[in-house]
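This report concerns nonpolar cores, aromatic pairs and charges placed over rings. Please consult the sequence and the structure shown below.

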Amino acid sequence: MNVFEEQRGMISLFASKGKEGAIVAVILEELKLPYRLHVVENPQDIDAKCLPVLKNIQSDGEQIDLCGFKDVVSYLIERYDTKHVVSYKQGSQEEEEVKNWVASLSEPHGAHSEQHRFNLDADDGVPFARKAIHLYLHLEQHLQKSHNNYLVGKKCTLADLLHLPYVAAAGSAGLDLERFPELTTWFDRVYQRPAVQKGFAAFHMKLRG
């Protein structure tokens with residue numbers, strides 16, 4: 001992969017402007033990992049197959065090259081989140097719950113009939129606002145029942161970060177988030193995290209108007 005000359009011991013993130021790159025940046029901020037951000041328009045610009053790309057030349061000289069949101073996030077959590085800052089212990093019930101929330105936004109409806117599916121980015125002819133309000137109702141009910149600060153337990157995880165941009169889009173979709181008090185409180189709590197603000201600001205993305 002042809003990329004710019006990078007510093008050993010420094011993680012480099014190559015990503016286009018959008019929520020995936022911003023979420024990776026948030027995770028890097030949450031884990032307090034030193035990194036250099038390169039905003040690129042297309043993967044072809046750096047001779048890659050997809051974005052985001054993470055390049056890590058570790059202090060011992062080992063080089064890691066990863067392509068794609070899922071692989072990049074998995075690597076960062078498995079390699080660096082040993083204290084479970086933004087994750088839960090492997091094999092725990094909480095980890096499974098995080099996986100279910102992540103799958104609910106990406107897998108097609110009906111992939112697991114017992115779970116809710118909200119693929120808001122799918123080109124399925126259903127208006128975004130209709131899918132969004134369905135998601136907001138589900139999140140509101142979950143937060144009311146769980147009495148937790150976050151979607152899974154009492155820490156901010158990938159589940160929260162993935163849902164954040166969709167909830168932030170309420171205003172642009174013509175929806176009043178104040179109709180969902182628990183969801184509004186959750187949004188404010190996640191949004192106010194310094195790592196979240198830094199990660200999204202790095203891509204000039206505003207979660208609030």
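Over the face of which tyrosine does lysine 155 lie?

## Charges over aromatic rings

In this predicted model, lysine 155 lies over the face of tyrosine 88, at 4.4 Å from the ring centre. A further case involves arginine 79, whose charged end sits over the ring of tyrosine 80, 4.7 Å from its centre.

## Nonpolar cores

The largest nonpolar core holds 59 residues, of which Leu76, Tyr136, Leu183 and Trp186 touch the most other members. At least three residues of this core come from each of domain 1 (10–81) and domain 2 (93–203). Another core, of six residues, lies apart from it and includes Phe14, Val40, Ala48 and Leu51.

Tyrosine 136 is buried, with a relative accessible area of 0%. Leaving aside residues up to four places away in sequence, tyrosine 136 touches Tyr166, Val167, Ala169, Ala170, Leu175, Leu177, Phe180 and Leu183.

## Aromatic pairs

The count of aromatic pairs comes to three. In one of them, the ring centres of tyrosine 136 and phenylalanine 180 are 5.9 Å apart and the planes stand at 70 degrees, so the pair is edge-to-face. This pair links distant parts of the chain, 44 residues apart: tyrosine 136 belongs to helix α4 (residues 128–146), and phenylalanine 180 to the loop between α5 (158–168) and α6 (181–191). Phenylalanine 180 counts as buried, at 4% relative accessibility.

Phenylalanine 187 and tyrosine 191 form a stacked pair, because their planes are at 10 degrees, with ring centres 5.9 Å apart. These two residues are four apart in helix α6, and so are separated by about one helical turn. Both phenylalanine 187 and tyrosine 191 are buried.

Definitions and conventions
Residues are numbered from 1 along each chain as its sequence is written. This is a predicted model: local features need pLDDT of at least 70, side-chain atom pairs count only at pLDDT 80 or more; totals for chains, interfaces and linings use all residues. Side-chain values use heavy atoms; hydrogens and water are left out. A nonpolar core is a set of buried Ala, Val, Leu, Ile, Met, Phe, Trp, Tyr and Cys residues joined through side-chain atoms within 4.5 Å. Buried means under 20% relative accessible area, exposed over 50%, partly exposed in between (1.4 Å probe, protein chains only). Domain bounds come from an automatic or database domain assignment. Contact means heavy atoms within 4.5 Å. Rings of Phe, Tyr and Trp (its six-membered ring) pair if their centres lie within 6.5 Å; planes under 30 degrees apart count as stacked, over 60 as edge-to-face and the rest as tilted. A charge sits over a ring if NZ of Lys or CZ of Arg is within 6 Å of the ring centre and within 35 degrees of the ring normal.
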